[in-house]
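The sequence and structure come first.

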Amino acid sequence: MSGLSAALRLAMFGKNVLVLEKHYVVGGLNSFYARKGRKFDVGLHAVTNFPSPSSGKTSPLLRACRQLRIPFESLNLYEQSRSRISFEDKHIRFNNEFSFFLNEIYENFPKEKDRFRNFLQKMEDFDAYSINVPDLSTRSILKEAFAEPLLGEMLLCPTSYYGSAQENDIDFATFTMLFDAIFKQGLARPSHGIRAILDPLVQKLDEMGVKRLMNNAVKKIKTYNGKATEIVMDNEDTYTADHIISTCGLVETEELLTKKKTPPKENKMGNFSVIETISVFKGKPTDFGWDETVIFYNDDQEFRYEKPKESMDSTSGVICIPENYQDPHNQKVDESRLRITNPANFDKWDSLEEPAYIAEKARCETVMLQKALEYLPKGQIQKKDFSDATLLKDTFTPRTIKKYTNHANGALYGSPVKSRSGSSQIKNLYLAGTDQGYIGIVGAMLGGIAVANNRILRPA
Ligand SMILES: Cc1cc2nc3c(=O)[nH]c(=O)nc-3n(C[C@H](O)[C@H](O)[C@H](O)COP(=O)(O)OP(=O)(O)OC[C@H]3O[C@@H](n4cnc5c(N)ncnc54)[C@H](O)[C@@H]3O)c2cc1C
């Protein structure tokens, strides 16, 4: 998404652009696929940053649409119904009305009212978008901000799941951006899934004559005197360019360089990955008494966001029900989806031979589903009825994330070390997307646009 956005922005200003993509489909982590005649989005739970009426021209999503000349209305976005953060028996609900979320905080944590207001002001005063922003631990800031630690732990849960590259913490700039994106603006989904965003990007690139080479990976970037001089592809084809934008990650890009200034350091490697299982089931979610869109849960008072010792850990996770976006079409569907995401261990999955991999996926599907059903309203329908209603299950693991993104360790959000300016150790090579610290769909688009604008079209 960041690469396509950067390419489009450059093409609009007359640059001669070439897009090199390892996969045979576009989109990276925000791609799509078909299974048994059904279409699936790879990563899409929610488009964050749904523009609130008050955000006006400052809305990041509207800004991305404007810069890419994609009419916002063409995305056909529908807002969430209502979502929830649940830690044991404590629940904070939220929708796209910030006042509703505030009310939930004040009702659940009445003694924290003033401290929460101060915390909101602290975020307002913090310039999260500055490229020189200091790297601060949100967990420490939250511990100081509130007398009741549970409030901070609950706020960490959705923000980490939607964008933290660090285990058990998130840097304060990313937290501030995601707090804004999730709670102050809100969640939505395009009626036709992720292709509502990918298709216009690709169509515009094609119309502008931008060549996209698919199914061929960059193998090496040759350098001379601190400049990138040539790109070598897997099939040994070579290309030269005045500027190169890499969206494959910080460590991964350094690995491509023929002459490295510094070897990749352990602390640059992301570790956090996930497993996700999608159950397609007969009927509407409301038939089961489920009317919420996304549920972030944690079994304990302390939020765990780390690489588990075993292949996966179901004690913390995310449940998403795409048919609970307020799309009128969802009133008529005869089948729906339940998506469950849990932390997973890349090494464990990577070491499995195919039969053991398939068996472990099946085992995890059962465990994940059982746990998710505990966090969903019981309704009148029991676990057995849900398995009877299930038509198809599909599961992806950290190994799949590695396949789609090439991220080392299948790291969901790349490296904990970010290059916000997009600079790399090579003069004419820039980083965009995940390892630039712009997270999610809207972040990836804005990141690509920022690198194209600030580093190539009008460098400082
Ligand atoms: C399960 C899951 C759910 C998610 N849900 C959401 C969500 O609901 N909302 C949201 O906003 N975000 C979500 N995200 C995050 C979002 O998908 C990412 O933040 C976003 O896709 C990052 O975009 P990107 O352009 O930085 O990188 P990527 O999507 O990682 O794209 C990188 C591209 O580079 C290509 N590539 C890599 N190496 C090479 C090479 N050597 N040569 C050529 N090409 C190469 C890859 O094939 C890929 O196409 C989710 C992610 C996951 C995994």
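Helix 1 (2-12), strand 13 (273-282), helix 13 (398-405) and helix 14 (440-457) each contribute at least two residues to the shell around the ligand. Helices (H or I, at least four residues) and strands (E, at least two) are DSSP runs numbered from the N terminus. The largest share, three residues, is from helix 14. The model is a predicted one: local features need pLDDT of at least 70, side-chain atom pairs count only at pLDDT 80 or more, and totals for chains, interfaces and linings use all residues. Residue numbers start from 1 along each chain as its sequence is written.

In total, 33 residues surround the ligand, and G28, H45, C248, G433 and G440 are the closest. By class, the shell holds 15 nonpolar, 15 polar and three charged residues. Here Ala, Val, Leu, Ile, Met, Phe, Trp, Tyr, Cys and Pro count as nonpolar, Asp, Glu, Lys and Arg as charged, and the others, Gly among them, as polar.

The chain is divided into three domains, with bounds from an automatic or database domain assignment.

| Domain | Residues |
|---|---|
| Domain 1 | 2-77 + 191-268 + 413-457 |
| Domain 2 | 81-186 |
| Domain 3 | 271-404 |

Domain 1 and domain 3 each supply at least three residues to the shell around the ligand. The centres of domain 1 and domain 2, taken over C-alpha atoms, are 28 Å apart. Their contact involves 17 residues from domain 1 and 15 residues from domain 2, where two residues are in contact if their C-beta atoms, placed from the backbone, lie within 7 Å. The side of domain 1 that touches domain 2 has six nonpolar, 10 polar and one charged residues.

The largest nonpolar core has 110 residues, of which A6, A64, F296, V442 and M445 touch the most other members. Such a core is a set of buried Ala, Val, Leu, Ile, Met, Phe, Trp, Tyr and Cys residues joined through C-beta atoms within 7 Å. Helix 14 gives the most to this core, with 10 residues. Beyond its neighbours within four places in sequence, V442 contacts V47, T48, N49, P60, L61, A64 and A181.

T434 lies in the loop between strand 18 (429-431) and helix 14. T434 counts as buried because it has 31 C-beta neighbours inside 10 Å; the cut-offs are 20 or more for buried, 12 or fewer for exposed, and partly exposed in between. Not counting residues up to four places away in sequence, T434 touches G249, Y413, G414 and I439.

Technical notes. A residue is near a molecule or strand if its C-beta atom, placed from the backbone, lies within 6 Å of it.
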